[in-house]
Amino acid sequence: PDTKTGRFVIELAPHELIPAACTWKYGSVHRNAGHVLQIQSHSSEVHQSMPFQEYSPEFPHKKFTTGYAGRPSGPGWYVSILDNTKNHGPGSQQQHNPHEADANFGSVVEGAGDVIPRIHSVPQKGWLDKANQIVIPKLTILTP
């Protein structure tokens, strides 16, 4: 099998819960942390952060969900490789605001069992050297 390429598909969160949080295109995995794979956007169309930290408790940061990194959120994003409800949910990043959480915008519905673990198996951990970054040239997004 080809171990140098792969595909994963992200299904967006229900629009009624998270209406504004899908604004990215493609990029590269530039952080391989113990709890997330973080992607840096390379799209010239996406270079601004979210206008607010959009979050719904009905769509928490479970394993294989996707969320925006940073304050304010984005344009970098991540795939949770474990349940990050406490790490990225309400009150997790800023103690002075117990309601704020990372924007969570979708779920990996294809590739979670093979592609995501393969990316996470890159020997370098933390912020990746350019040579170890995994390029994502194209994304397929399914809307519910």
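Is F105 buried or exposed? F105 counts as buried, at 2% relative accessibility (buried means under 20% relative accessible area, exposed over 50%, partly exposed in between, with a 1.4 Å probe and protein chains only). This is a predicted model, in which local features need pLDDT of at least 70 and side-chain atom pairs count only at pLDDT 80 or more, while totals for chains, interfaces and linings use all residues. Residues are numbered from 1 along each chain as its sequence is written, and side-chain values use heavy atoms, with hydrogens and water left out.

**Confidence**
- The chain has a mean pLDDT of 82, and 84% of its residues reach 70 or more (pLDDT is the predictor's confidence in each residue, from 0 to 100).

**Aromatic pairs**
- The structure holds 2 aromatic pairs (ring centres of Phe, Tyr and Trp, the last by its six-membered ring, within 6.5 Å; planes under 30 degrees apart are stacked, over 60 edge-to-face, the rest tilted).
- Y68 and F105 form a tilted pair, 4.8 Å centre to centre with 35° between the planes.
- Y68 is in strand β4 and F105 in strand β6, 37 residues apart (strands are DSSP runs of E, at least two residues, numbered from the N terminus).
- Y68 is buried at 1% relative accessibility.
- W77 and F105 pair edge-to-face, at 6.0 Å centre to centre and 70° between the planes.
- W77 lies in strand β5 and F105 in strand β6, so this pair ties together parts 28 residues apart in sequence.
- Y68, W77 and F105 form one aromatic cluster.

**Y78**
- Y78 sits in strand β5 (residues 77–80) and is buried, with a relative accessible area of 1%.
- The Y78 side chain makes a polar contact with the H61 side chain at 3.5 Å (a pair of N or O atoms within 3.5 Å; within protein, one must be able to donate a hydrogen and the other to accept it, and residues adjacent in sequence count only if both atoms are side-chain atoms).

How values were computed:
Helices (H or I, at least four residues) and strands (E, at least two) are DSSP runs, numbered from the N terminus.
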